[in-house]
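I opened the file to go through the chains, the strands and a few single residues. My entries follow in the order in which I looked things up.

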Protein chains: 2
Amino acid sequence: MTSKTRLPQIGIGPPERGDAARNRRLLLDAAACLVAERGVDAVTMDAVAAAAGVGKGTVFRRFGSRSGLMQSLLDHTEKEMQQRFMFGPPPLGPGADPVDRLIAFGHARIAMVEVQGEVQRAAETSPEVRFAVPARAVSITHVMSLLRAAGVDADLEVLACSLLASLEATLVLHQMRDLGVSIERLQAAWEDLIRRVAR
Amino acid sequence: MTSKTRLPQIGIGPPERGDAARNRRLLLDAAACLVAERGVDAVTMDAVAAAAGVGKGTVFRRFGSRSGLMQSLLDHTEKEMQQRFMFGPPPLGPGADPVDRLIAFGHARIAMVEVQGEVQRAAETSPEVRFAVPARAVSITHVMSLLRAAGVDADLEVLACSLLASLEATLVLHQMRDLGVSIERLQAAWEDLIRRVAR
DNA sequence: GCCATAAACGGACCATGGTCCACTTATATT
DNA sequence: AATATAAGTGGACCATGGTCCGTTTATGGC
């Protein structure tokens with residue numbers, strides 16, 4: 001087995017050729033542009049390819065799928081969020097009471113849905129792998145460790161899954177758009193849920 | 001406005017022609033058959049139409065979409081389940097302690113996923129309307145009323161949504177298949193969650 | 001039984017996500 | 001600079017969900 005495999009080895013060397021990197025930028029810009037001026041639905045793979053002036057095959061090679069493209073679009077925000085809750089100031093970051101951090105975490109995620117919910121929803125993968133996406137793992141681990149720190153004695157893995165389920169973009173979006181539930185109400189409900197669980 | 005609209009008016013008269021009813025049966029049988037012998041993925045609309053010996057347009061006219069077809073496939077089980085928790089014996093049905101009924105409800109749903117999860121997952125609609133499907137409304141109402149009966153003082157609507165989120169077929173299936181979580185563990189976690197919330 | 005009419009039908013057609021592969025090109029090595 | 005090679009590229013092609021509309025047919029009133 002050579003060392004040329006390019007699996008999860010995150011962040012080492014540039015295993016991506018120059019033109020490839022350029023096209024990635026081109027494509028992301030084109031996609032972001034389409035979202036901005038014609039909405040998420042206008043972001044078809046053909047349209048993005050055309051707008052970026054490359055072939056359709058290239059889009060798929062770079063991002064794997066439409067969901068993948070959307071995820072890349074969210075990548076920056078997602079990383080930022082991770083930084084905030086891992087290294088940022090309390091109550092989101094370390095230093096605050098675990099329960100408060102959990103609450104802040106939910107509040108932040110709900111707020112994110114409000115600003116970029118459409119894209120998050122479009123980034124949703126096929127049902128078969130929806131919950132197997134990497135970004136999710138980080139959240140799970142984080143929530144689990146906060147629950148543990150809060151002294152919650154339960155099946156933390158499953159509990160974390162359950163709690164995160166109520167923060168799913170698609171669900172939150174549905175509650176806000178279709179059910180007319182306000183953000184504040186969702187956030188209050190999250191806080192209440194956490195306090196009950198951690199009580 | 002005439003009385004000819006055929007909206008949610010459930011169960012009144014046969015607004016469906018004889019041949020239409022026959023084809024519905026034919027299609028459902030064909031679909032069930034395909035699921036049984038070649039798996040959910042083999043259930044394409046063309047395949048079902050061909051197997052039933054009707055045109056593709058007919059399948060869509062009857063069921064609206066692939067998800068709709070799958071939902072119809074689940075309809076019988078779903079109705080049965082509703083009967084059980086509304087009129088059946090405790091602890092699922094009336095008579096038992098609300099908390100126990102909630103627990104039983106979750107257990108039953110999780111068990112359902114084990115037996116027909118694949119189809120439930122395939123019945124999932126597009127993200128835009130995933131949570132707007134009628135079947136969901138019944139569950140929400142039921143959970144809300146049980147929470148109320150249990151004396152839980154909270155934003156019941158949102159809380160019910162959150163709790164139900166952790167019973168979503170796709171999520172439960174992921175936990176069982178990909179994470180290797182056993183049914184018993186999921187059920188135990190549900191019970192724990194309910195007891196914490198209702199505490 | 002016959003007719004009018006709304007319902008149902010079927011399959012061609014469209015849009016879009018995704019695959020494939022013959023061809024091109026950036027880059028490391030010498 | 002020449003070359004080898006792995007990576008990248010483009011667009012034809014495929015599968016499938018979903019729409020449309022001209023044609024057929026069940027059915028209720030006469």
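**Entry 1. The surface near DNA strand D.**
I note at the outset that this is a predicted model. I began with DNA strand D and asked which element gives the largest share of the surface near it. It is α3(A), with 4 residues. In total I find 23 residues surrounding DNA strand D. The closest of them are A:V54, A:G55 and A:G57 from chain A, and B:G18 and B:S65 from chain B.

Sorted by class, the surface near DNA strand D has 11 charged, 8 polar and 4 nonpolar residues.

**Entry 2. The surface near DNA strand C.**
I repeated the search for DNA strand C, which is surrounded by 23 residues. Here the closest are B:V54, B:G55 and B:G57, along with A:G18 and A:S65. Two or more residues each come from α1, α2 (45–52) and α3 of chain A, and from α1 and α3 of chain B. α3(B) gives the most to this surface, with 4 residues. The class count for the surface near DNA strand C is 4 nonpolar, 8 polar and 11 charged.

**Entry 3. How the two chains are related.**

**Entry 4. The contact between chains A and B.**
How many residues of chain A are in contact with chain B? I count 30 residues of chain A against 30 residues of chain B. On the side of chain A that touches chain B, the elements giving two or more residues are α7 (156–165), α8 (169–177) and α9 (183–198) of chain A. The largest share, 8 residues, comes from α9(A). By class, this side of chain A has 15 nonpolar, 10 charged and 5 polar residues.

**Entry 5. Chain A by itself.**
I wrote down the secondary structure of chain A as 9 helices and 0 strands. Along the sequence the pattern reads α-α-α-α-α-α-α-α-α. Taken along the principal axes, the C-alpha atoms of chain A fill a box of roughly 55 × 50 × 35 Å. Chain A has 199 residues, and buried residues make up 31% of them. Among contacts in chain A with a separation of 6 or more, 57% are between residues 24 or more positions apart.

**Entry 6. Helix α5 of chain B.**
I compared the span of helix α5 (residues 98–122) of chain B with that of a straight helix. A straight helix of 25 residues would span 36 Å at 1.5 Å a residue, but this helix spans only 32 Å between its end C-alpha atoms. Where does α5(B) bend? I find a bend of about 95° at B:Q116.

Is B:Q120 buried or exposed? B:Q120 has 25 C-beta neighbours inside 10 Å, and it counts as buried because the cut-off is 20 or more. Leaving out residues up to four places away in sequence, I find that B:Q120 touches B:L74, B:V113 and B:A169. B:L173 is 53 residues from B:Q120 along the chain, and their C-alpha atoms are separated by 9.7 Å.

I took B:G53 next, which lies in the loop between α2 and α3 of chain B. B:G53 counts as exposed because it has 11 C-beta neighbours inside 10 Å, and the limit for exposed is 12 or fewer. The C-alpha atoms of B:G53 and B:A132, 79 residues apart along the chain, are separated by 32 Å.

**Entry 7. Two cis peptide bonds.**
Last, I looked at omega. The peptide bond from A:P90 to A:P91 is cis, with omega near 0°. I place A:P91 in the loop between α4 (66–87) and α5 (98–122) of chain A. In chain B, a cis peptide bond joins B:P90 and B:P91, with omega about 5°. B:P91 is in the loop between α4 (66–87) and α5 of chain B.

Terms used
Residues numbered from 1 in each chain as written. Chains lettered and ligands numbered in written order. Predicted model: local features only at pLDDT ≥ 70, side-chain atom pairs only at ≥ 80, totals over all residues. Near = placed C-beta within 6 Å. Nonpolar A, V, L, I, M, F, W, Y, C, P; charged D, E, K, R; others polar. Expected span 1.5 Å × (residues − 1). Bend = angle between axes of the 7 residues up to and from the residue. Contact = placed C-beta atoms within 7 Å.
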